[in-house]
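Please keep the sequence and the structure in view while reading.

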Amino acid sequence: MENQYSTLQTLAEAVKELPNPTAYFCTTREMILRCSYDWATIYAHLQLLEIEKLVEIKNADTIQFAITKAGLQKAREMQELQQLHTGRLFK
């Protein structure tokens, strides 16, 4: 899995229990606490994901970002593929 998609899945996990996950803008602090990458790497991933329209980056007082519907769908698809792949390995 490409690293930016790992960051996408981390963001999807962070918002999955929210009633409207695409409306929630995460802060840099939230992502740093959830990811194993440093902020420079996380931000580079988010920029790549924004090009693909999988996240939205907003420059307010601090940088904030939200997952898009397309991003949620991509994260779900990747999780399903990972589960299928893992299931096949252990059967």
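The expected span of a helix is 1.5 Å times one less than its number of residues. The model shown here is predicted, and that rule can be applied to its helix H1, which covers residues 3-15.

**Helix H1**
- H1 is mostly covered, since 10 of its 13 residues are buried, among them Tyr5, Leu8, Leu11 and Val15.
- An α-helix has 3.6 residues a turn, so residues three or four places apart point the same way.

**Cysteines**
- A disulfide requires a pair of cysteine sulfur atoms within 2.5 Å, and by this rule the model has 0 disulfides.
- The sulfur of Cys26 has its closest cysteine sulfur in Cys35, and because the distance is 9.8 Å, the two are too far apart for a bond.
- Cys35 is likewise in no disulfide, with the sulfur of Cys26 as its nearest cysteine sulfur.
- Cys26 is buried, with a relative accessible area of 1%, and Cys35 is also buried, with a relative accessible area of 12%.

**Lys53**
- Most residues other than glycine have a negative phi.
- Lys53, by contrast, has a phi near 65 degrees, which is a positive value in a residue other than glycine.
- Lys53 lies in the loop between helix H3 (39-51) and strand E2 (55-59), where this residue is exposed, with a relative accessible area of 62%.

Methods:
Residues numbered from 1 in each chain as written. Predicted model: local features only at pLDDT ≥ 70, side-chain atom pairs only at ≥ 80, totals over all residues. Heavy atoms only, no water. Buried < 20%, exposed > 50% of the residue type's maximum accessible area, 1.4 Å probe, protein only. Helix = DSSP H or I, 4+ residues; strand = E, 2+ residues; numbered from the N terminus.
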